[in-house]
Amino acid sequence: MDRSAVERLYDFDVLDRNGCPIGPVAELWLADGRPQWAAVRGAGGTTLVPLRGGQVRDRGLVVPVERYEVDDAPRVDGSDLSDTEQADLYEHYGLKLPEQRLERHRRGVSAPTSPRAPRATPPAR
């Protein structure tokens, strides 16, 4: 998924598998450059919702879980996830813990780029 597609996900509301609203995408967590989790802020704090198997419909991001699962999910503080927090989230949703760590994506922050080589000066005529 390219960077602009990832950025567009911030404009969506997260809906459970039955179409019940959960909340707007507050932040994304990626693995290998692909969105894996959406952070949703609620009255009880911020939690992550799995995106694998989710679908974009109209202005909604329909995720493969029910709202009550999100309401009961472990809360995160918004900083980097500890190994324990990541394991707790995967266990809560009944997902297999991958080997790669999740990386927090910040909206509008471009990826680091490698420095460009200076342009060659054209020969004088």
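Contact means heavy atoms within 4.5 Å. By that criterion Gly-23 touches Asp-13, Val-14 and Val-40, not counting residues up to four places away in sequence. The structure is a predicted model, in which local features need pLDDT of at least 70 and side-chain atom pairs count only at pLDDT 80 or more, while totals for chains, interfaces and linings use all residues. Residues are numbered from 1 along each chain as its sequence is written, and side-chain values use heavy atoms, with hydrogens and water left out. Helices (H or I, at least four residues) and strands (E, at least two) are DSSP runs numbered from the N terminus. For accessibility, buried means under 20% relative accessible area, exposed over 50%, and partly exposed in between (1.4 Å probe, protein chains only).

- Between the C-alpha atoms of Gly-23 and Ala-39 the separation is 9.2 Å, and the two residues are 16 residues apart along the chain.

- Four strands form an open sheet in the order 2-1-7-6, with mixed pairing; two strands pair if DSSP finds at least two bridges between them.
- Strand 2 (21-24) and strand 6 (55-57) stand at the edges with a single partner strand each, so one side of each has no neighbour in the sheet.
- On average, neighbouring strands of this sheet are turned by 30° against each other, direction ignored; the axes are lines fitted to C-alpha atoms, for helices over the stretch in contact, and angles run from 0 to 180 degrees between N-to-C directions.
- Strand 6 and strand 7 (residues 60-62) run antiparallel and are joined by three bridges.
- Val-56 has Leu-61 in strand 7 as its bridge partner.

**Helix 3 and its cover**

- Gln-86, Leu-89 and Tyr-90 are buried in helix 3 (residues 83-92).
- These residues cover an arc of only 95° around the axis, which puts them on the same side of helix 3; the arc is that of the directions from the helix axis to the C-beta atoms.
- Thr-84 and Glu-91 are exposed residues on the face of helix 3 turned away from its buried side.
- The cover over the buried residues of helix 3 includes strand 4 (34-42), strand 5 (45-50) and strand 8 (75-76).
- Gly-94 follows helix 3 and has a positive phi, near 70°.

- Rings of Phe, Tyr and Trp (its six-membered ring) pair if their centres lie within 6.5 Å; planes under 30 degrees apart count as stacked, over 60 as edge-to-face and the rest as tilted.
- The count by this rule is two aromatic pairs.
- The ring centres of Trp-37 and Tyr-90 are 5.1 Å apart and the planes stand at 75°, so this pair is edge-to-face.
- This pair links distant parts of the chain, with Trp-37 in strand 4 and Tyr-90 in helix 3, 53 residues apart.
- Trp-37 and Tyr-93 form a tilted aromatic pair, at 5.6 Å centre to centre and 55° between the planes.
- Tyr-93 lies in the loop between helix 3 and strand 9, 56 residues apart from Trp-37 in strand 4.
- Trp-37 is buried at 1% relative accessibility, Tyr-90 is buried at 7%, and Tyr-93 is buried with a relative accessible area of 9%.

**Salt bridges**

- Four salt bridges are found in a search of the whole structure; the term denotes a side-chain nitrogen of Lys or Arg within 4 Å of a carboxyl oxygen of Asp or Glu.
- One of them joins the side chains of Asp-11 and Arg-107 (2.6 Å, N to O).
- Asp-11 lies in the loop between helix 1 (3-8) and strand 1 (13-15) and Arg-107 in the segment after strand 9 (103-105), so this pair ties together parts that are 96 residues apart in sequence.
- Asp-11 is partly exposed at 40% relative accessibility, and Arg-107 is partly exposed at 45%.
- Another salt bridge joins the side chains of Glu-27 and Arg-104 (2.9 Å, N to O).
- Since Glu-27 lies in strand 3 (residues 27-31) and Arg-104 in strand 9, the pair ties together parts that are 77 residues apart in sequence.
- Glu-27 is buried, with a relative accessible area of 10%, whereas Arg-104 is partly exposed at 26%.
- The side chains of Arg-67 and Asp-71 also meet in a salt bridge (3.6 Å, N to O).
- Both Arg-67 and Asp-71 lie in helix 2 (residues 67-71), four residues apart, which is about one turn of the helix.
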